[in-house]
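Good morning, and thank you for coming. Please look at the model on the screen while I go through several of its features.

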Amino acid sequence: MFKFLKEKLKNTISRISKKVEDEAEEEVIEKPRPEEKRPEKEEEKIEEKKKPEVKIEKKKEVKEEKVEPEKKGFLGKIKEKVATKKISEAQFEELFWNLEVALLENNVAAEVIGKIKEDLKQELVEKPIRRMKIEKTIEESLKKSIGELFEAESFDMLEIIKQKKPFVKCFVGINGSGKTTTIAKIAHLLKEKGLSSVLAASDTFRAASIEQLQKHADSLGIKLIKHDYGSDPAAVAFDAIKHAESKNLDVVLIDTAGRMHANVNLMDEMKKIIRVAKPDLKVFVGESITGNDCVEQAKKFDEAVGIDAIILSKADVDEKGGAAVSVSYVTKKPIIYIGIGQEYKDLKEFDSELVIKNLGLAA
Ligand code: GDP
């Protein structure tokens with residue numbers, strides 16, 4: 001994940017840094033060398049006057065940060081000249097455009113781009129930035145800003161499941177997003193952790209959906225509760241919960257039909273499932289590679305039924321990563337897992353630190 005975005009960020013940051021080095025207004029500020037211990041009494045005599053601003057012609061290299069010690073006053077004073085750069089707001093707007101294009105190309109949502117821009121502006125505009133540290137400063141600001149995209153409160157799914165029996169989990173998302181595969185992966189994970197589950201085939205709409213889920217149930221050795229196609233999906237969920245209660249099972253995993261978020265009838269049907277099953281957790285499954293579409297779908301499902309968490313499937317084939325960077329910030333819901341392949345084991349806990357690392361922004 002993030003192969004493209006990482007490359008783009010790297011190139012853009014270094015292009016921006018170079019431009020700032022070359023074009024931003026330069027200031028030279030003087031400060032005492034930290035290692036120099038001045039005699040106490042002489043301190044007042046030392047002229048702490050700031051040197052006038054030094055404007056350096058475009059592209060002129062300042063080779064040395066430190067200059068020859070200059071003697072002043074009674075004992076003389078050694079000062080260090082620090083060359084800094086300042087970016088004006090107008091320059092920032094121009095520079096950010098490069099980053100904005102890189103983020104847009106990688107499916108990062110407009111809201112997120114707006115946040116990153118505001119954060120960087122706060123950190124960079126009209127602030128003296130030490131020469132040679134411009135790239136680092138931009139990287140640090142970006143790292144902080146992107147880190148804040150994942151502040152939606154997360155939880156340990158395996159822990160909360162143990163708080164209620166049966167724990168009812170309902171999965172929503174559009175067709176083809178990887179919902180059925182993800183449910184099977186979760187059932188597999190639960191089994192590995194010693195937790196029992198039952199599947200509910202509440203997608204009674206899509207052809208072959210019940211057979212697909214039955215195949216997973218058989219492979220995993222767990223029970224599937226199913227009715228006929230076209231029957232009431234809420235009734236299937238209800239029966240699965242009753243089954244779990246009677247068998248003392250830990251978890252009920254409810255599959256739902258892949259509603260296009262614009263399909264009002266199917267959305268209403270899904271609301272009915274939620275009303276009847278009263279799930280403890282509503283998980284939106286979205287396809288990482290669809291970028292902004294995935295974010296929009298998550299928003300719509302949240303508006304319709306109120307999602308609690310997100311699983312992003314197909315992260316293994318997503319080289320951009322825009323959805324992963326955006327969906328949690330836009331919906332204020334945590335990403336709890338990512339799908340990284342087609343096998344049952346290919347489910348990984350989401351780790352925002354890893355996002356920062358994979359974007360090449362970690363220390
Ligand atoms: P549903 O229609 O939302 O239930 O989607 P499915 O579970 O049927 O998945 C659609 C396709 O995506 C299938 O071919 C899955 O094998 C594939 N798929 C699901 N999750 C992943 C994943 O994490 N990585 C990859 N590479 N493929 C996945």
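I begin with Lys-10, which sits in helix H1, spanning residues 3-23. Helices here are DSSP runs of H or I with at least four residues, strands are runs of E with at least two, and both are numbered from the N terminus. This is a predicted model, in which local features need pLDDT of at least 70 and side-chain atom pairs count only at pLDDT 80 or more, while totals for chains, interfaces and linings use all residues. Residues are numbered from 1 along each chain as its sequence is written, and side-chain values use heavy atoms, with hydrogens and water left out.

Is Lys-10 buried or exposed? Lys-10 is exposed, at a relative accessible area of 54%. Buried means under 20% relative accessible area, exposed over 50%, and partly exposed in between, with a 1.4 Å probe and protein chains only. A salt bridge is a side-chain nitrogen of Lys or Arg within 4 Å of a carboxyl oxygen of Asp or Glu.

There is also a patch of negative charge on the surface, formed by Asp-156, Glu-349, Asp-351 and Glu-353. Of these, Asp-351 belongs to the loop between strand E11 (347-349) and helix H12 (352-358). Asp-351 is partly exposed, with a relative accessible area of 35%.

I turn now to the backbone. Most residues other than glycine have a negative phi, and most peptide bonds are trans. In this model, the peptide bond from Lys-165 to Pro-166 is cis, with omega near -10 degrees. Pro-166 is placed in the loop between helix H5 (157-161) and strand E4 (167-172).

Which phi does Asn-107 have? The value for Asn-107 is near 65 degrees, which is positive in a residue other than glycine. Asn-107 occupies the loop between helix H2 (89-105) and helix H3 (110-124). Phi of Lys-332 is likewise positive, near 65 degrees, and Lys-332 lies in the loop between helix H11 (322-331) and strand E10 (335-339). Lys-332 counts as exposed, at 52% relative accessibility.

Finally, the protein as a whole. The protein contains 12 helices and 11 strands, and buried residues account for 48% of its 363 residues.

Technical notes
Patch = residues over 30% accessible without salt bridge, like charges linked within 9 Å, V, L, I, M, F, W, Y side chains within 5 Å. Areas by Shrake-Rupley, 256 points an atom, 1.4 Å probe, with all protein chains shown as cover. Lys, Arg positive; Asp, Glu negative; His and termini not counted. Charge placed at Lys NZ, Arg CZ, Asp CG, Glu CD.
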